[in-house]
Amino acid sequence: MQIAKVIGTIWATRKEERLSGLKLLIVKPINILDEKEWRSPYVAADIIGAGVGETVLVVSGSSARSAAGDMHTPVDATVVGIVDDKEIDTSALD
């Protein structure tokens, strides 16, 4: 599971049939400690209604397909949660 920031939306009027009904978001993985970008943005299916600017939880691989509702859905990443807040014990990082 990764933490990411939603930075955009993708629209595709012509797509694989199993993607019908899925909203596609552009997400940018962030470091959970300082919220700085640490990887290039990528596309993730959204099953919860996240929007631009929100911090989200993203799963990948078979977990992404399962979350999208069907193990045959052609997705590599799915947004499964919106982060409300976080609490980190920084003393545990030493």
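Me: In what order do the elements of the chain run from the N terminus on?

Reply: This is a predicted model, in which local features need pLDDT of at least 70, side-chain atom pairs count only at pLDDT 80 or more, and totals for chains, interfaces and linings use all residues. Residues are numbered from 1 along each chain as its sequence is written, and side-chain values use heavy atoms, with hydrogens and water left out. Helices (H or I, at least four residues) and strands (E, at least two) are DSSP runs numbered from the N terminus. The chain has one helix and five strands, and from the N terminus on the order is β-β-β-β-α-β.

Me: Is Thr73 buried or exposed?

Reply: Thr73 sits in the loop between helix H1 (62-67) and strand S5 (77-82). Buried means under 20% relative accessible area, exposed over 50%, and partly exposed in between (1.4 Å probe, protein chains only). Because its relative accessibility is 3%, Thr73 counts as buried.

Me: Which residues is Thr73 in contact with, leaving aside its neighbours within four places in sequence?

Reply: Contact means heavy atoms within 4.5 Å. With the neighbours within four places in sequence left aside, the contacts of Thr73 are Arg18, Leu19, Leu22, Arg65 and Ala68.

Me: How does Ile47 count in terms of relative accessibility?

Reply: Ile47 belongs to the loop between strand S3 (42-46) and strand S4 (55-60). Leaving aside neighbours within four places in sequence, Ile47 is in contact with Leu22, Ala67, Ala68, Thr78, Val79 and Val80. Its relative accessibility is 37%, so Ile47 counts as partly exposed.

Me: How far apart in space are Ile47 and His72, C-alpha to C-alpha?

Reply: In sequence, Ile47 and His72 are 25 residues apart. In space, C-alpha to C-alpha, the distance between Ile47 and His72 is 16 Å.

Me: What percentage of the contacts in the chain with a separation of 6 or more comes from residues 24 or more positions apart?

Reply: The chain has 94 residues, of which buried residues make up 31%. Among contacts with a separation of 6 or more, the share from residues 24 or more positions apart is 54%.

Me: What is the relative accessible area of Glu87?

Reply: Glu87 is found in the segment after S5. Glu87 counts as exposed because its relative accessible area is 79%.

Me: What does the C-alpha trace of the chain span along its principal axes?

Reply: The span is taken along the principal axes of the chain. For the C-alpha trace it is about 50 × 25 × 20 Å.
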